[in-house]
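Here are a few exercises to work through with the model on screen. Try each task before you read its solution.

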Amino acid sequence: MSQLTQSDLQSMQKRVDQYISQFEEGYFSPLTMMARFTEEVGELAREVNHRYGEKPKKDNEAENTIENELGDLLFVTLSFANSLNIDLAEAFDQSMTKIETRDKNRWTKKDIGSEKS
Ligand SMILES: [Mg+2]
């Protein structure tokens, strides 16, 4: 794994930890984290449906973006990982290694020679 990705993810986890550590309540329990994660997935789905789907927003609904909701989901992911002492750089590396190996021949490879740069 590249040092850049590892240090970026570690600094993101540290920033979240510094934020959460200011408060007596600390991190939520795993079940509450799961509920928070699901809430944010729902909020993301709402934005995607609004942008690409058939369900328009109500007139009085605040403007929001898919970007905002992906950011919220990332924050909850970082919090969840911190609460369980999981190194996300390591978790990401394991996932990418699995995907790069398992799905190596799953998709149609681009013909690099014919690509315009
Ligand atoms: Mg949200």
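**Exercise 1.** Find where Asn-85 lies, and decide whether it counts as buried or exposed.

Step 1: look at the loop between helix 3 and helix 4 (88-102), and there's Asn-85. Helices here are DSSP runs of H or I with at least four residues, strands are E runs of at least two, and both are numbered from the N terminus. Residues themselves are numbered from 1 along each chain as its sequence is written. This is a predicted model, in which local features need pLDDT of at least 70, side-chain atom pairs count only at pLDDT 80 or more, and totals for chains, interfaces and linings use all residues.

Step 2: count neighbours. Asn-85 has 6 C-beta neighbours inside 10 Å, so it counts as exposed (20 or more other C-beta atoms within 10 Å means buried, 12 or fewer exposed, in between partly exposed, with C-beta atoms placed from the backbone).

Step 3: check the backbone. Most residues other than glycine have a negative phi. Asn-85 isn't a glycine, yet its phi is positive, about 55 degrees.

Step 4: Asp-59 is 26 residues from Asn-85 along the chain, and their C-alpha atoms are 43 Å apart.

**Exercise 2.** Work out how helix 2 and helix 3 cross.

Step 1: take the axes of helix 2 (residues 30-52) and helix 3 (residues 66-83), which come within 9 Å and cross at roughly 165 degrees. Axes are lines fitted to C-alpha atoms, for helices over the stretch in contact, and angles run from 0 to 180 degrees between N-to-C directions.

Step 2: name the arrangement. Helix 2 and helix 3 are therefore roughly antiparallel (a term for angles over 145 degrees).

Step 3: see who meets whom. Residues of helix 2 including Phe-37, Val-41 and Leu-44 meet a set in helix 3 that includes Leu-70, Leu-73 and Val-76 (contact means C-beta atoms, placed from the backbone, within 7 Å).

**Exercise 3.** Describe the overall form of the chain.

Step 1: list the elements. The chain has 4 helices and 0 strands, running α-α-α-α from the N terminus.

Step 2: judge the spread. The radius of gyration, 19 Å, is well over the 13 Å from the globule rule for 117 residues, so the chain is more spread out than a compact globule (the radius uses C-alpha atoms; the rule is 2.2 Å times the number of residues to the power 0.38).

Step 3: Buried residues make up 8% of the 117.

Terms used: Parallel < 35°, antiparallel > 145°, perpendicular 65-115°, else oblique. Contact = placed C-beta atoms within 7 Å.
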